Amino acid sequence: MVGAHVCRRRPREAAGALGADCVQIFLSDPQSWRKPPARADASELRDSALPVYVHAPYLINVCSPRNNVRYGSRKILEQTCAAAADVGAAAVIVHAGHAEDGIAEGVGRWPRTLEMLESSVPVFIENTAGGTNAVARRFDALARLWEAVSAADTDVEVGFCFDTCHAHAAGEELSDAVERVLAIVGRIDLLHANDSRDPPGTGADRHANLGKGEIGADALRAMILAAQAPVVVETPGGVDKMRADVEFVRAAVGAPRRRSDHRVT
(Lines give C-alpha, C1' and ligand atoms only; values in the text may rest on other atoms or scores of the structure.)
Protein backbone atom coordinates (compact mmCIF):
# COMPACT_ATOMS: atom_id res chain seq x y z
CA MET A 1 0.00 0.00 0.00
CA VAL A 2 1.11 3.52 -0.79
CA GLY A 3 -0.60 6.55 0.70
CA ALA A 4 -0.16 10.02 2.13
CA HIS A 5 -0.81 12.12 5.21
CA VAL A 6 -3.85 14.23 4.35
CA CYS A 7 -6.18 16.77 5.93
CA ARG A 8 -8.39 15.13 8.54
CA ARG A 9 -11.59 16.72 7.27
CA ARG A 10 -12.22 14.68 4.08
CA PRO A 11 -9.69 11.85 3.94
CA ARG A 12 -11.55 9.64 1.48
CA GLU A 13 -11.84 12.43 -1.06
CA ALA A 14 -8.15 13.23 -0.57
CA ALA A 15 -7.23 9.60 -1.19
CA GLY A 16 -9.21 9.65 -4.42
CA ALA A 17 -7.50 12.81 -5.62
CA LEU A 18 -4.06 11.35 -4.91
CA GLY A 19 -4.77 7.85 -6.16
CA ALA A 20 -3.70 6.64 -2.71
CA ASP A 21 -4.23 3.14 -1.32
CA CYS A 22 -4.34 4.42 2.27
CA VAL A 23 -4.20 7.67 4.23
CA GLN A 24 -2.82 9.00 7.48
CA ILE A 25 -4.63 11.71 9.43
CA PHE A 26 -4.70 13.51 12.75
CA LEU A 27 -7.94 13.14 14.70
CA SER A 28 -7.29 16.32 16.66
CA ASP A 29 -4.97 19.33 16.72
CA PRO A 30 -1.46 17.79 16.83
CA GLN A 31 -0.31 20.59 19.14
CA SER A 32 -3.21 20.23 21.61
CA TRP A 33 -3.93 18.13 24.69
CA ARG A 34 -7.63 18.10 23.91
CA LYS A 35 -9.50 14.84 23.46
CA PRO A 36 -10.21 14.06 19.78
CA PRO A 37 -13.77 15.10 18.94
CA ALA A 38 -16.34 12.62 17.64
CA ARG A 39 -16.46 12.45 13.85
CA ALA A 40 -19.69 12.62 11.90
CA ASP A 41 -18.16 10.32 9.28
CA ALA A 42 -16.85 7.73 11.77
CA SER A 43 -19.12 4.94 10.57
CA GLU A 44 -18.31 5.73 6.92
CA LEU A 45 -14.58 5.51 7.60
CA ARG A 46 -15.04 2.38 9.68
CA ASP A 47 -17.00 0.67 6.90
CA SER A 48 -14.77 1.91 4.10
CA ALA A 49 -12.18 -0.28 2.36
CA LEU A 50 -9.69 2.59 2.70
CA PRO A 51 -7.10 1.88 5.44
CA VAL A 52 -6.68 4.87 7.75
CA TYR A 53 -3.61 5.40 9.92
CA VAL A 54 -3.88 7.88 12.79
CA HIS A 55 -0.93 9.99 13.91
CA ALA A 56 -1.08 10.83 17.60
CA PRO A 57 -0.48 14.44 18.76
CA TYR A 58 3.11 15.67 18.72
CA LEU A 59 2.93 16.75 22.38
CA ILE A 60 2.84 13.18 23.64
CA ASN A 61 5.98 12.29 25.58
CA VAL A 62 5.47 9.29 27.83
CA CYS A 63 9.20 9.30 28.67
CA SER A 64 9.12 12.59 30.54
CA PRO A 65 10.16 12.63 34.21
CA ARG A 66 7.58 15.37 34.78
CA ASN A 67 4.42 13.79 36.11
CA ASN A 68 2.05 16.24 34.47
CA VAL A 69 3.59 15.67 31.04
CA ARG A 70 3.81 11.89 31.40
CA TYR A 71 0.30 11.44 32.80
CA GLY A 72 -1.17 13.86 30.28
CA SER A 73 0.62 12.01 27.49
CA ARG A 74 -0.76 8.66 28.60
CA LYS A 75 -4.24 10.10 28.79
CA ILE A 76 -4.29 11.68 25.32
CA LEU A 77 -2.65 8.57 23.84
CA GLU A 78 -5.46 6.39 25.20
CA GLN A 79 -8.07 8.90 24.02
CA THR A 80 -6.48 8.93 20.57
CA CYS A 81 -6.49 5.14 20.44
CA ALA A 82 -10.17 5.08 21.39
CA ALA A 83 -11.00 7.63 18.70
CA ALA A 84 -8.90 5.66 16.20
CA ALA A 85 -10.88 2.52 16.99
CA ASP A 86 -14.09 4.46 16.36
CA VAL A 87 -13.01 5.15 12.76
CA GLY A 88 -11.65 1.62 12.25
CA ALA A 89 -8.04 2.79 12.03
CA ALA A 90 -5.29 0.41 11.01
CA ALA A 91 -2.94 1.76 13.70
CA VAL A 92 -1.96 4.76 15.81
CA ILE A 93 1.53 6.17 15.23
CA VAL A 94 3.23 7.90 18.17
CA HIS A 95 6.66 9.47 18.58
CA ALA A 96 8.87 7.60 21.04
CA GLY A 97 9.69 10.70 23.12
CA HIS A 98 12.65 11.86 25.20
CA ALA A 99 13.63 12.14 28.85
CA GLU A 100 15.39 15.08 30.45
CA ASP A 101 16.89 12.72 33.04
CA GLY A 102 18.43 10.25 30.60
CA ILE A 103 17.67 7.70 27.91
CA ALA A 104 17.63 4.74 30.31
CA GLU A 105 15.04 6.44 32.50
CA GLY A 106 12.92 7.34 29.49
CA VAL A 107 13.06 3.80 28.13
CA GLY A 108 11.96 2.52 31.53
CA ARG A 109 8.73 4.54 31.38
CA TRP A 110 7.48 2.93 28.16
CA PRO A 111 6.60 -0.50 29.61
CA ARG A 112 4.44 1.09 32.31
CA THR A 113 2.70 3.17 29.65
CA LEU A 114 1.89 0.07 27.60
CA GLU A 115 0.78 -1.86 30.67
CA MET A 116 -1.71 0.93 31.51
CA LEU A 117 -2.88 1.50 27.94
CA GLU A 118 -6.11 -0.03 26.68
CA SER A 119 -6.33 -0.09 22.90
CA SER A 120 -7.89 -2.41 20.35
CA VAL A 121 -5.86 -0.59 17.69
CA PRO A 122 -2.15 -1.39 17.19
CA VAL A 123 0.29 1.27 18.36
CA PHE A 124 3.32 1.92 16.14
CA ILE A 125 6.24 3.66 17.85
CA GLU A 126 8.16 5.97 15.50
CA ASN A 127 11.84 6.88 15.43
CA THR A 128 12.49 10.57 16.01
CA ALA A 129 14.66 13.19 14.34
CA GLY A 130 16.19 14.99 17.29
CA GLY A 131 15.88 15.89 20.94
CA THR A 132 18.24 15.48 23.87
CA ASN A 133 17.98 11.98 25.35
CA ALA A 134 15.51 10.88 22.68
CA VAL A 135 14.78 7.19 23.18
CA ALA A 136 14.46 6.35 19.47
CA ARG A 137 16.65 8.85 17.67
CA ARG A 138 19.83 6.78 17.38
CA PHE A 139 19.54 3.08 16.69
CA ASP A 140 21.49 2.04 19.79
CA ALA A 141 18.83 3.76 21.91
CA LEU A 142 16.10 2.17 19.79
CA ALA A 143 17.52 -1.25 20.62
CA ARG A 144 17.22 -0.52 24.34
CA LEU A 145 13.69 0.77 23.87
CA TRP A 146 12.61 -2.24 21.84
CA GLU A 147 13.96 -4.67 24.41
CA ALA A 148 11.90 -2.88 27.06
CA VAL A 149 8.62 -2.64 25.14
CA SER A 150 8.93 -6.26 23.97
CA ALA A 151 9.03 -7.34 27.62
CA ALA A 152 6.03 -5.20 28.66
CA ASP A 153 3.03 -7.02 30.11
CA THR A 154 0.44 -5.60 27.72
CA ASP A 155 -2.36 -6.72 25.44
CA VAL A 156 -1.69 -3.83 23.06
CA GLU A 157 -0.20 -4.81 19.71
CA VAL A 158 3.01 -2.79 19.38
CA GLY A 159 4.70 -2.16 16.03
CA PHE A 160 7.34 0.11 14.54
CA CYS A 161 7.09 3.02 12.13
CA PHE A 162 10.33 4.01 10.39
CA ASP A 163 10.73 7.57 9.13
CA THR A 164 13.46 8.12 6.53
CA CYS A 165 13.82 11.85 7.21
CA HIS A 166 14.12 11.23 10.95
CA ALA A 167 16.92 8.69 10.44
CA HIS A 168 18.73 11.17 8.19
CA ALA A 169 18.27 13.98 10.72
CA ALA A 170 19.57 11.71 13.48
CA GLY A 171 22.79 11.21 11.52
CA GLU A 172 22.36 7.48 10.90
CA GLU A 173 24.09 5.95 7.88
CA LEU A 174 21.24 5.36 5.44
CA SER A 175 22.84 2.80 3.14
CA ASP A 176 22.06 0.01 5.60
CA ALA A 177 19.62 1.80 7.92
CA VAL A 178 16.63 -0.40 7.12
CA GLU A 179 18.61 -3.58 7.60
CA ARG A 180 19.91 -2.38 10.99
CA VAL A 181 16.42 -1.38 12.10
CA LEU A 182 15.01 -4.74 11.05
CA ALA A 183 17.71 -6.46 13.10
CA ILE A 184 16.36 -4.57 16.14
CA VAL A 185 12.56 -4.57 15.69
CA GLY A 186 12.08 -7.59 13.43
CA ARG A 187 9.56 -5.91 11.13
CA ILE A 188 8.73 -2.41 9.89
CA ASP A 189 4.97 -2.05 10.10
CA LEU A 190 4.77 1.34 8.37
CA LEU A 191 7.31 3.43 6.47
CA HIS A 192 7.16 7.21 6.46
CA ALA A 193 8.91 8.05 3.20
CA ASN A 194 10.17 11.63 3.42
CA ASP A 195 13.10 13.52 1.99
CA SER A 196 14.83 16.19 4.11
CA ARG A 197 15.44 19.89 3.61
CA ASP A 198 18.53 19.76 5.85
CA PRO A 199 21.96 18.09 5.94
CA PRO A 200 22.34 14.83 7.88
CA GLY A 201 22.75 14.88 11.64
CA THR A 202 21.14 18.27 12.25
CA GLY A 203 18.16 16.89 14.18
CA ALA A 204 15.90 19.07 12.02
CA ASP A 205 12.57 17.48 11.13
CA ARG A 206 11.75 19.40 7.94
CA HIS A 207 10.39 17.20 5.20
CA ALA A 208 10.98 17.66 1.48
CA ASN A 209 9.38 16.05 -1.54
CA LEU A 210 10.95 12.75 -2.55
CA GLY A 211 14.13 13.15 -4.57
CA LYS A 212 14.12 16.93 -4.01
CA GLY A 213 15.98 17.12 -0.72
CA GLU A 214 19.25 16.20 0.96
CA ILE A 215 18.69 12.44 1.18
CA GLY A 216 18.62 11.82 -2.54
CA ALA A 217 16.40 9.75 -4.79
CA ASP A 218 18.56 6.63 -4.92
CA ALA A 219 18.87 6.33 -1.14
CA LEU A 220 15.12 6.80 -0.73
CA ARG A 221 14.32 4.17 -3.36
CA ALA A 222 16.64 1.70 -1.66
CA MET A 223 15.04 2.23 1.77
CA ILE A 224 11.51 2.04 0.39
CA LEU A 225 12.28 -1.23 -1.35
CA ALA A 226 14.14 -2.74 1.61
CA ALA A 227 11.43 -1.90 4.17
CA GLN A 228 8.82 -4.16 2.55
CA ALA A 229 6.07 -2.26 4.37
CA PRO A 230 3.05 -0.06 3.68
CA VAL A 231 4.25 3.47 2.88
CA VAL A 232 2.87 6.89 3.80
CA VAL A 233 4.45 10.07 2.43
CA GLU A 234 4.33 13.12 4.71
CA THR A 235 5.58 15.62 2.20
CA PRO A 236 4.74 19.28 1.53
CA GLY A 237 2.92 20.90 -1.35
CA GLY A 238 -0.42 20.56 -3.04
CA VAL A 239 -2.11 17.64 -4.72
CA ASP A 240 0.25 17.51 -7.70
CA LYS A 241 3.41 17.31 -5.57
CA MET A 242 1.94 14.76 -3.19
CA ARG A 243 0.65 12.66 -6.08
CA ALA A 244 4.14 12.72 -7.59
CA ASP A 245 5.56 11.46 -4.30
CA VAL A 246 3.02 8.63 -4.15
CA GLU A 247 4.03 7.63 -7.69
CA PHE A 248 7.73 7.90 -6.74
CA VAL A 249 7.11 5.22 -4.10
CA ARG A 250 5.17 3.03 -6.50
CA ALA A 251 7.96 3.22 -9.04
CA ALA A 252 10.52 2.36 -6.35
CA VAL A 253 8.76 -0.90 -5.54
CA GLY A 254 7.77 -1.66 -9.12
CA ALA A 255 4.04 -1.16 -8.51
CA PRO A 256 1.81 -0.03 -11.39
CA ARG A 257 0.83 3.62 -11.57
CA ARG A 258 -2.71 4.32 -10.44
CA ARG A 259 -5.09 6.79 -12.02
CA SER A 260 -6.28 9.54 -9.69
CA ASP A 261 -9.96 9.20 -8.94
CA HIS A 262 -11.97 11.88 -7.19
CA ARG A 263 -14.93 9.57 -6.67
CA VAL A 264 -15.62 8.05 -3.27
CA THR A 265 -16.56 4.37 -3.20
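Figure 1. Beyond residues up to four places away in sequence, Ser-28 touches Arg-8, Arg-34, Pro-36, Pro-37 and Pro-57, where contact means heavy atoms within 4.5 Å. Ser-28 has 8% relative accessibility and so counts as buried; buried means under 20% relative accessible area, exposed over 50%, and partly exposed in between, with a 1.4 Å probe and protein chains only. The model is predicted, so local features need pLDDT of at least 70 and side-chain atom pairs count only at pLDDT 80 or more, whereas totals for chains, interfaces and linings use all residues. Residues are numbered from 1 along each chain as its sequence is written, and side-chain values use heavy atoms, with hydrogens and water left out. Helices (H or I, at least four residues) and strands (E, at least two) are DSSP runs, numbered from the N terminus.

**Figure 2. The closed barrel of 8 strands.** The order of the strands is E1-E2-E3-E4-E5-E6-E7-E10, and the pairing is parallel. Two strands pair if DSSP finds at least two bridges between them. On average, and with direction ignored, neighbouring strands of this sheet are turned by 25° against each other. Axes are lines fitted to C-alpha atoms, for helices over the stretch in contact, and angles run from 0 to 180 degrees between N-to-C directions.

**Figure 3. Strand E2 and its partners E1 and E3.** Strand E1 (residues 2–5) pairs with E2 in the parallel sense over 3 bridges, and Ala-4 stands opposite Val-23 in E2. E2 also pairs with strand E3 (residues 52–55), again in the parallel sense and over 3 bridges. On that side, Tyr-53 in E3 is the bridge partner of Gln-24. In a regular strand the side chains alternate between the two faces of the sheet. In E2 (residues 22–25), Cys-22 and Gln-24 lie on one side, Val-23 and Ile-25 lie on the other, and all are buried.

**Figure 4. Crossovers through H1 and H2.** E1, helix H1 (residues 11–18) and E2 form a right-handed β-α-β unit. From E2 the chain crosses through helix H2 (residues 42–47) to E3, and this β-α-β crossover is right-handed. A crossover is right-handed if, with the strands pointing away from the viewer, the path from the first strand over the helix to the second runs clockwise.

Figure 5. With a relative accessible area of 40%, Arg-46 is partly exposed. Neighbours within four places in sequence aside, Arg-46 is in contact with Ala-85, Asp-86, Val-87 and Gly-88. Arg-46 and Ala-84 are 38 residues apart along the chain, and their C-alpha atoms are separated by 9.5 Å.

**Figure 6. Strands E4 and E5, with helices on the sheet.** Strand E4 (residues 91–95) pairs with E5 in the parallel sense over 4 bridges. Val-94 stands opposite Ile-125 in E5. H5 packs on the sheet and touches E5 and strand E6 (158–163). The direction of H5 makes about 165° with that of E6. Helix H9 (residues 239–253) also packs on the sheet, where H9 touches E1, strand E7 (190–193) and E10. The direction of H9 makes about 150° with that of E1.

**Figure 7. Packing of H4 on H5.** The axes of helix H4 (residues 103–116) and helix H5 (residues 139–150) come within 9 Å and cross at roughly 30°. H4 is therefore roughly parallel to H5; angles under 35 degrees count as roughly parallel, over 145 as roughly antiparallel, 65 to 115 as roughly perpendicular and the rest as oblique. H4 passes H5 in a right-handed crossing. A crossing is left-handed if the near helix is turned anticlockwise from the far one by less than a right angle, and right-handed if clockwise. From H4, Ile-103, Ala-104, Val-107, Trp-110, Pro-111 and Leu-114 meet Ala-141, Arg-144, Leu-145, Ala-148 and Val-149 in H5.

**Figure 8. Packing of H7 on H8.** Helix H7 (residues 177–185) and H8 pack at an angle of about 30°, and their axes are 9 Å apart. The two helices, H7 and H8, are therefore roughly parallel to each other. H7 passes H8 in a right-handed crossing. Val-178, Glu-179 and Leu-182 in H7 meet Met-223, Ala-226 and Ala-227 in H8.

**Figure 9. Positive phi at Asn-133 and Gln-228.** Most residues other than glycine have a negative phi. Asn-133, in the loop between strand E5 (123–126) and H5, has a phi near 60° and is partly exposed at 25% relative accessibility. Gln-228, in the loop between helix H8 (217–227) and strand E10 (231–233), has a phi near 50°. Gln-228 is exposed, with a relative accessible area of 64%.
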